[in-house]
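Hi,

Here is the structure I said I would pass on.

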Amino acid sequence: EVKISKLTLHHVAVTTLWLEPGDYPPFLACADVGVSLHTSTSGLDLPMKVLDLFGCQVPVCAMDFDCLSELVQDEVNGRVFADSAQLAHQLLELL
């Protein structure tokens with residue numbers, strides 16, 4: 001918050017908040033779609049945010065990387081994209 005207060009932003013408001021663990025699922029469930037920009041440097045770790053979204057029954061668009069298919073299968077349980085054009089197309093379809 002200190003760093004944000006030092007920025008010279010015009011017509012921009014930044015709000016930070018803390019959610020109690022029980023408040024997180026209902027908050028996340030309010031989303032129309034979730035976007036995961038996670039990519040793995042090791043090629044082995046998976047985005048846990050996608051699991052959170054799955055658990056709240058929120059549609060997911062996830063950036064493709066080596067092991068993502070272990071979690072998200074395109075057009076089966078989510079959408080997978082490789083670039084901004086694909087993501088834009090998927091968002092238009094879902095929204």
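Predicted model: local features only at pLDDT ≥ 70, side-chain atom pairs only at ≥ 80, totals over all residues.

Which residues touch the most other members of the largest nonpolar core? They are V50, L53, V60, A62, L68 and V72, out of 13 residues in that core. By nonpolar core I mean a set of buried Ala, Val, Leu, Ile, Met, Phe, Trp, Tyr and Cys residues joined through side-chain atoms within 4.5 Å. The elements giving two or more residues to this core are α3 (48–55) and β2. Helices (H or I, at least four residues) and strands (E, at least two) are DSSP runs, numbered from the N terminus.

Residues are numbered from 1 along each chain as its sequence is written, and side-chain values use heavy atoms, with hydrogens and water left out.

Back to V60: leaving aside neighbours within four places in sequence, V60 is in contact (heavy atoms within 4.5 Å) with G34, V50, L53, F54, G78 and R79.

R79 is also where the charged side chains get interesting to follow. R79 forms a salt bridge with E93, with the closest N and O atoms 2.7 Å apart. That pair links distant parts of the chain, R79 being in strand β3 and E93 in helix α4 (residues 84–94), 14 residues apart. Salt bridges that share partners join D74, E75, R79 and E93 into one network. For a salt bridge, the cut-off is a side-chain nitrogen of Lys or Arg within 4 Å of a carboxyl oxygen of Asp or Glu. R79 is buried at 15% relative accessible area, whereas E93 is partly exposed at 48% (buried is under 20%, exposed over 50%, partly exposed in between, with a 1.4 Å probe and protein chains only).

D74 sits in the loop between β2 (60–63) and β3 (79–81) and is partly exposed, at 36%. D74 bridges to R79, with the closest N and O atoms 2.9 Å apart, and the D74 side chain also reaches the backbone nitrogen of V80 at 2.9 Å. Leaving aside neighbours within four places in sequence, D74 is in contact with R79, V80 and Q90.

The whole structure has 4 salt bridges. One of them joins the side chains of D52 and K49 (3.8 Å, N to O). These two are 3 residues apart in helix α3, so about one helical turn separates them. D52 is partly exposed at 29%, and K49 is partly exposed at 40%.

Cheers

Methods: Polar contact = N/O pair within 3.5 Å; in protein donor to acceptor, adjacent residues only side chain to side chain.
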